[in-house]
Amino acid sequence: MSLTPNYLEDRICLNVLANSVENAKECYEAAEGHIVLGVLSKNYPTDEAAIEDMKKYAAATNNALSVGLGAGDPNQSQMVSRISKDLQPQHVNQVFTGVGTSRALLGQNETIVNGLVSPTGKVGIVNIATGPLSSQTPAGEVTIETAIRLLQDMGGSSIKFFPMKGLAHIEEYKAVARACAKYDFYLEPTGGIDLENFEEIVQIAVDAGVKKIIPHVYSSIIDSETGDTRPADVKTLLGMMKNTLKK
């Protein structure tokens with residue numbers, strides 16, 4: 001099974017949460033395979049339980065598994081690294097300080113490992129203090145260029161820009177997109193993305209020249225009664241992804 005996500009036109013891959021193996025399969029088909037399915041480590045009591053269950057998701061979706069923290073919880077960082085070593089998924093979510101550990105334990109460079117950085121309210125400046133201990137201290141503010149280079153030093157693949165709160169940090173996001181394009185780094189916009197703002201957010205990254213874009217769309221497309229991500233909404237998002245690449 002491939003360790004690399006199946007990008008639409010080698011450019012965009014959707015990231016959504018899967019509530020069950022069946023839900024993962026439905027979303028995978030709705031996205032025509034251009035998707036990674038998030039399963040949260042926080043939902044499992046032990047490494048063994050997580051590995052056993054997540055293997056089922058990987059098997060059902062040609063390894064389009066995204067190992068998640070759980071709402072960006074830094075305390076899940078070590079568990080994510082440990083289970084990813086065994087799982088060898090296509091995508092790993094990490095806090096900034098967990099990237100090097102994940103890459104080393106994976107033992108290969110194909111799996112996407114993102115590093116979480118947060119908006120600061122200042123264009124061109126991000127907060128990298130997103131780890132278990134550093135997140136409890138004042139923000140670690142650095143330029144987006146420095147954050148990218150630090151992540152590249154650690155073997156990271158992409159910036160996970162979270163929490164974006166939709167379009168609330170649009171100018172900061174544009175600066176992040178420009179920097180990712182300049183330094184040949186991937187970008188994962190995350191937080192508050194929905195069917196209304198998705199296309200604009202992805203278009204900004206496409207227009208900036210970002211090589212690979214992995215937008216995360218979570219709660220806005222989840223059925224509140226079943227907990228499932230709605231395959232129909234995934235299909236709609238795929239259509240929007242195709243639109244952004246036509247312009």
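The dialogue below goes through some features of this predicted model.

Q: What should I know about the numbering and the model before I start?
A: Residues are numbered from 1 along each chain as its sequence is written, and side-chain values use heavy atoms, with hydrogens and water left out. The model is predicted, and local features need pLDDT of at least 70, side-chain atom pairs count only at pLDDT 80 or more, while totals for chains, interfaces and linings use all residues.

Q: Which residues touch the most other members of the largest nonpolar core?
A: In soluble globular proteins, nonpolar side chains tend to be buried together. A nonpolar core is a set of buried Ala, Val, Leu, Ile, Met, Phe, Trp, Tyr and Cys residues joined through side-chain atoms within 4.5 Å. Buried means under 20% relative accessible area, exposed means over 50%, and partly exposed is in between (1.4 Å probe, protein chains only). Here the largest core has 70 residues, and Ile159 and Leu187 touch the most other members. A second, separate core has six residues, among them Tyr7, Cys13, Ile112 and Tyr186.

Q: What is leucine 187 in contact with?
A: Contact means heavy atoms within 4.5 Å. Apart from neighbours within four places in sequence, the contacts of leucine 187 include Ile159, Phe161, Tyr173, Cys180, Val210 and Lys212.

Q: Where is cysteine 180 found, and what does it touch?
A: Helices (H or I, at least four residues) and strands (E, at least two) are DSSP runs, numbered from the N terminus. Cysteine 180 is found in helix α6. Cysteine 180 counts as buried because its relative accessible area is 0%. Residues up to four places away in sequence are not counted, and cysteine 180 then touches Ile148, Ile159, Phe185, Tyr186, Leu187 and Val210. Its C-alpha atom is separated by 8.6 Å from that of isoleucine 144, 36 residues apart along the chain.

Q: At what angle do α6 and α7 pack?
A: Axes are lines fitted to C-alpha atoms, for helices over the stretch in contact, and angles run from 0 to 180 degrees between N-to-C directions. For α6 and α7 the angle is about 35°, with the axes 8 Å apart. A crossing is left-handed if the near helix is turned anticlockwise from the far one by less than a right angle, and right-handed if clockwise. α6 passes α7 in a right-handed crossing. On the α6 side the residues that meet α7 include Ile170, Tyr173 and Ala177, and on the α7 side they include Ile201, Ile204 and Ala205.

Q: How do α7 and α8 cross?
A: The axes of α7 (residues 198-208) and α8 (residues 231-244) come within 9 Å and cross at roughly 35°. This crossing is right-handed. Among the residues that make the contact are Phe198, Val202 and Val206 of α7 and Leu237, Met240 and Met241 of α8.

Q: Are serine 219 and tyrosine 218 exposed or partly exposed?
A: Serine 219 lies in the loop between α7 and α8, and tyrosine 218 lies in the loop between α7 and α8. Serine 219 is exposed because its relative accessible area is 61%. Tyrosine 218 counts as partly exposed, at 23% relative accessibility. Leaving out residues up to four places away in sequence, tyrosine 218 touches Asn15, Val16 and Leu17. The C-alpha atoms of tyrosine 218 and asparagine 15 are separated by 8.1 Å, and these residues are 203 residues apart along the chain.

Q: Which peptide bond is cis, and which residues have a positive phi?
A: Most residues other than glycine have a negative phi, and most peptide bonds are trans. The bond from phenylalanine 162 to proline 163 is cis, with omega near 0°. Proline 163 is in the loop between β8 (158-161) and α6 (170-182). Asparagine 63 has a positive phi, near 70°, and lies in the loop between α2 and β3. Glutamine 88 has a positive phi of about 50° and lies in the loop between α3 and β4.

Q: Where does a charge sit over a ring?
A: A charge sits over a ring if NZ of Lys or CZ of Arg is within 6 Å of the ring centre and within 35 degrees of the ring normal. The charged end of lysine 160 sits over the ring of phenylalanine 162, 5.8 Å from its centre. Lysine 212 lies over the face of tyrosine 7, at 5.2 Å from the ring centre.
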